[in-house]
Each structure stands twice: as structure tokens, then as C-alpha cells.
There are 2 protein chains.
Amino acid sequence: MPADHIAPPAHPFDSAIALAPAGTHLFNGATSPAYWNMIGPFGGLTAAMALQAVLQHPQLLGEPISLTVNFAGPVAQGPITARARPARTNRSTQHWWVELLQTGADGTEQVSTTATVVTAARRPTWGASDTPMPAVPAPETLARSDRSGTPVAWLARYEVRAIQGDIPQRWDGQAADDSLSRWWLRDDPPRPLDFASLTAMADVFFPRVWLKRASRVPVGTVSMTVYFHADGAQLTGCGSGHLLAEARALNFRHGFFDQTGLLWNTQGQLLCSTHQIVYYKE
Amino acid sequence: MPADHIAPPAHPFDSAIALAPAGTHLFNGATSPAYWNMIGPFGGLTAAMALQAVLQHPQLLGEPISLTVNFAGPVAQGPITARARPARTNRSTQHWWVELLQTGADGTEQVSTTATVVTAARRPTWGASDTPMPAVPAPETLARSDRSGTPVAWLARYEVRAIQGDIPQRWDGQAADDSLSRWWLRDDPPRPLDFASLTAMADVFFPRVWLKRASRVPVGTVSMTVYFHADGAQLTGCGSGHLLAEARALNFRHGFFDQTGLLWNTQGQLLCSTHQIVYYKE
């Protein structure tokens with residue numbers, strides 16, 4: 001067989017979010033070592049898997065408009081069942097419930113993740129942006145950020161070129177003035193952009209409380225929302241190019257902080273906005 | 001009976017979100033003329049009712065941290081059933097599914113609203129804010145905004161004193177430079193602040209696309225999220241004072257725009273951040 005007929009190995013992201021139909025509203029997947037965080041999967045990967053269940057559902061109408069993922073409990077290494085059900089289907093919009101389930105050590109089914117997704121048909125309309133892309137140096141002019149100091153697997157799956165707000169080099173407890181990070185970002189190895197990978201990239205920022213305090217206090221995202229502004233064609237048009245991604249915190253109090261983020265393509269089009277609330281200790 | 005033993009009439013907000021237990025995970029309520037919008041209830045009231053089902057649930061643990069409400073379909077005048085179920089209960093956090101249900105004209109049960117809520121025990125920690133309250137004139141120095149030009153019932157339930165970005169006085173299609181509104185806001189009649197009323201207030205802004213375009217195109221909120229930074233004691237401490245509320249749009253494209261908002265008390269403490277994505281026509 002000629003070499004060009006041998007299928008290339010799947011991108012690790014595609015392997016990690018792969019779901020096999022397993023009955024009405026059900027899909028089977030599994031955690032992936034390539035996107036492992038400290039004690040569970042990278043949250044962005046979990047969010048992408050929840051969305052993927054909707055994208056693969058035979059009753060899907062339209063494309064994703066919004067996604068909210070709630071990280072309800074720990075995800076253990078091993079099989080995951082995704083259940084995606086339409087809660088309501090209208091003429092041009094559809095509302096989804098999604099759960100990620102695992103069988104606990106005691107044999108009972110546990111909900112690790114809950115999510116809601118809205119999909120809809122998009123139509124051309126008047127448009128405008130009140131969040132122009134900031135003027136920043138081109139990705140080629142910036143060095144790739146060194147993430148070897150935090151040796152968790154999923155960090156190697158993203159190429160980050162930080163403009164500002166890279167992960168602190170010294171954990172000296174000195175409070176930062178702000179909590180803004182601005183990075184060029186793409187999959188490593190590069191991969192054509194789609195809704196699932198954009199969702200994962202919306203969670204790629206290290207915790208704002210680490211930047212603000214220069215201290216690695218324990219953290220965990222509680223809930224994350226993505227509003228999609230791009231349609232599938234626009235994402236396809238981005239290819240495997242860099243995205244400009246920024247995030248900043250809004251408020252830290254009583255163990256929870258929130259952050260807001262924006263991701264643009266190199267043409268300066270806003271692809272999504274994203275928000276999350278995160279638990280922190282101490 | 002002495003006059004001070006006669007119970008005062010309930011505040012219209014309390015009447016509007018009132019839910020009566022109706023079985024396991026179920027509560028009965030109804031739409032309220034006092035918070036009626038053009039063709040359905042004010043969305044903030046619907047969001048508050050979804051939260052209220054969790055707040056009244058006998059298994060509730062902790063206080064609200066985040067709420068996402070998806071407006072899945074129209075809400076008709078009449079009875080509403082709220083179903084609130086814990087999806088997962090951990091040691092100090094709890095994840096909820098909520099649905100608002102109505103019986104359709106054909107006798108079938110319809111989901112009008114889906115929501116997820118996270119509740120948790122809050123503990124004192126280090127804290128900071130990256131969203132200080134802007135310097136604005138005191139509410140007493142500003143005139144109350146005239147909303148008589150849009151005669152829908154719920155507008156009369158809020159006292160708005162606009163600093164900037166009030167509802168356009170002329171619908172002349174002249175695009176505005178930005179989409180920022182800043183208002184002092186409180187219930188009318190005044191009512192002590194709580195989680196439900198703060199949730200409703202997070203949806204009090206007229207559509208950003210109306211401000212941006214000075215044109216009343218058809219709109220409808222698709223999904224709305226509130227991240228609570230205040231605990232119950234802090235909300236109680238606000239009494240019935242004004243809140244400073246601001247909102248701005250991020251991006252408008254292909255029939256959907258998103259907005260982000262912040263609400264502070266008069267002491268400058270951020271009480272919540274809120275985000276939503278809204279459908280618009282044309």
C-alpha cells in the first residue's frame with residue numbers, strides 16, 4: 001500500500017474527546033493521559049467532551065451558541081459515559097442537558113460534570129464588536145513560554161507565547177497589580193480549529209489567583225461558560241493558526257474568584273468570550 | 001386587633017417568585033402581572049424563580065455561587081412548576097439541575113427554562129478586587145429615568161437613575177460609540193436585597209443592541225449566568241439601598257450578542273458579575 005494511504009495517527013485532542021455512540025442519548029469515552037492535569041483531566045478537555053456529545057448527537061440542530069459546564073466532582077482515570085439530551089427543540093434553537101458519568105469504586109453511577117448547551121441556526125445580520133483585539137506583537141516575534149516548571153501532561157499540548165501575564169517565575173507571594181494574561185495560543189501539535197478545541201482553549205489560563213498572589217494555592221474551576229461568536233465556517237477558516245487569548249479576574253472573596261476571557265483569531269475577529277468561577281483555598 | 005398586628009401586603013417581587021412545595025423536588029408557582037414584559041415574564045424574574053426553587057429545597061447546602069439560566073421557550077401566563085434536583089452533593093459544594101415547566105395547550109408538559117446552580121459553604125480567605133467601582137455621582141443627585149415610553153409592567157418595578165447609557169430617547173438608527181450603561185438601581189417599592197432579587201437585577205438592562213443601534217429590533221436572552229461574590233449576610237447588610245449596575249456588550253454577529261455586567265453596593269463591594277448571550281433579529 002503506498003505510504004499516502006496509511007492513515008496518520010489521530011491528533012491527541014481527537015483521541016481524548018472521542019465518543020462512541022452507546023444507545024439513546026449515550027456515548028462512551030475515556031480520560032486521556034495526554035491531557036492529564038494534577039489529579040484529573042484538564043478541565044478544558046472535560047468541557048470539550050461535554051460539547052462533543054452534543055455535536056455528535058443525531059438530533060443536533062444548528063451550531064453551538066453557548067455552553068456552561070459545571071465541574072461537580074472529581075473525574076477518575078478510566079471510562080466516561082456522556083449523556084446528552086435535548087431539553088427543548090424549537091424551530092431554530094435547541095437546548096441541551098449534558099452529564100458526564102463515571103462508575104464509582106462502590107459500583108454506583110456518579111455525575112462528575114453537568115452542562116447545558118444551546119445550539120441554533122445562525123443567520124447573517126448587522127454586526128459590530130465592542131472588544132477590538134489589542135495591538136500586540138506577532139506570535140513569530142515572541143519566544144515560546146517555558147512550562148517545564150509545572151510538569152503536568154496537558155501543558156505540553158498547548159503552544160503558548162506570552163505577551164504579558166505568563167505563569168510567575170518566582171512563587172514569592174508578592175501580589176501583582178493586575179490579573180491580566182495575554183497570550184498567543186495554539187494546539188501542539190497544531191490542529192485545525194473547531195468548536196471542541198476552541199472550548200478547551202477557553203480554559204487554558206492558569207488560575208488568576210496564582211498570578212495575583214504569586215502563590216500556588218489549591219484551586220478548582222466550579223463553573224465555566226463559553227459564548228461562541230464564530231460559526232463553524234469561520235473556525236475552519238482559522239486553520240491551525242494562533243489565537244490571541246486574554247483573561248483577567250474580576251473579584252476574589254471568600255474562596256471564590258471569577259475570570260473573564262476573550263479569544264480572537266489573527267484577523268482580529270472575536271471567536272468567543274468565556275467566563276468562569278473558581279474555588280481557591282486560604 | 002391593633003394596626004401593627006396586621007401583616008403588610010407582600011412585596012410584588014415576593015409574590016411573583018413565591019413557590020409552594022408540591023412533592024419531591026417540585027414547587028408550584030405562577031407568572032405575575034407585576035413583572036410582565038411584552039410577551040412573557042421579565043427574564044430576571046424567571047431566573048429568580050429558578051434560583052428560588054433551589055433556595056427553598058430542603059436538601060440545600062450552602063449559598064449560591066453560580067447560576068446559569070437558559071431561556072428555552074416562551075413562558076405563558078399561568079401556573080409554573082419548578083423542579084430542582086441535586087445532581088451531586090459534595091462535602092461543601094452542591095450542583096443543581098432546575099427546570100421550569102408549563103402545560104402546553106395540547107396538554108403536554110413543556111420545559112420553558114433550564115438552569116444549573118452551584119451552592120457552597122463560603123469561608124473567609126484572602127480577597128481582592130480587580131473591578132473597583134467607578135467614581136460616579138451619588139444616586140440622590142440624579143433624576144429618576146423616565147421609562148413611560150416603553151409601557152411594560154416590570155419596568156415600573158425598578159427605580160433606575162442613569163449615569164450613562166439610559167434607554168435611547170430617539171430611535172433614529174444612529175449607531176452609538178459604545179454599549180456601556182451605568183445606573184443606580186433598586187426595587188420599587190424598595191425591598192431588602194437577597195439572592196433572588198440580586199439575580200433579577202442582573203437582567204435589568206435593556207438590550208445592548210438597542211443602545212448600540214438606537215433601533216428596537218426584536219431580541220430575546222438565550223442564556224444568562226450570575227456569579228455571586230456576596231454571601232447572604234453581605235446582601236442583608238445592603239438593606240434596600242441602591243446598587244450601582246453596569247453592563248456593556250462584547251460582540252454582535254449573526255444574530256447573537258453577549259454582554260457582561262457588574263453590580264456593586266454603595267460601599268463599592270462587588271456583589272455579583274453577570275453575563276448573557278442574546279438573540280437579535282436583522
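This tour moves from the pair of chains to one strand inside chain A.

**Before you start.** This is a predicted model, in which local features need pLDDT of at least 70 and side-chain atom pairs count only at pLDDT 80 or more, while totals for chains, interfaces and linings use all residues. Residues are numbered from 1 along each chain as its sequence is written, with chains lettered from A and ligands numbered from 1 in the order in which they are written.

**Stop 1: both chains.** Colour chain A and chain B separately.

**Stop 2: the interface.** Select the residues where the chains touch. The contact takes 52 residues from chain B and 52 residues from chain A. Contact here means C-beta atoms, placed from the backbone, within 7 Å. On the chain B side, strand β11 (residues 243-253) gives the most, with 6 residues. Strands (E, at least two residues) and helices (H or I, at least four) are DSSP runs numbered from the N terminus. That side of chain B divides into 18 nonpolar, 22 polar and 12 charged residues. Nonpolar covers Ala, Val, Leu, Ile, Met, Phe, Trp, Tyr, Cys and Pro; charged covers Asp, Glu, Lys and Arg; the others, Gly among them, are polar. 100% of the interface residues of chain B are also interface residues in chain A, so the copies meet through the same surface.

Stop 3: Select residues 243-253 of chain A and 128-129 of chain B. These are β11 of chain A and β7 of chain B, antiparallel and joined by 2 bridges. Strands pair if DSSP finds at least two bridges between them. Zoom in on Asn251(A): its bridge partner in β7(B) is Ser129(B).

**Stop 4: two domains.** In chain A, 28 residues of domain 1 are in contact with 27 residues of domain 2. β3(A) gives the most to the domain 1 side, with 9 residues. That side holds 19 nonpolar, 8 polar and 1 charged.

**Stop 5: β3(A).** Select residues 63-71 of chain A. Of the 9 residues in β3(A), 8 are buried, meaning 20 or more other C-beta atoms, placed from the backbone, within 10 Å of their own. 8 bridges join β3(A) to antiparallel β6 (residues 109-120) of chain A; there, Leu67(A) partners Val117(A). Another 5 bridges join β3(A) to antiparallel β10 (residues 219-228) of chain A. Finish at Val69(A), opposite Met224(A) in β10(A).

Methods:
A residue is buried if 20 or more other C-beta atoms lie within 10 Å of its own, exposed if 12 or fewer, and partly exposed in between; C-beta atoms are placed from the backbone.
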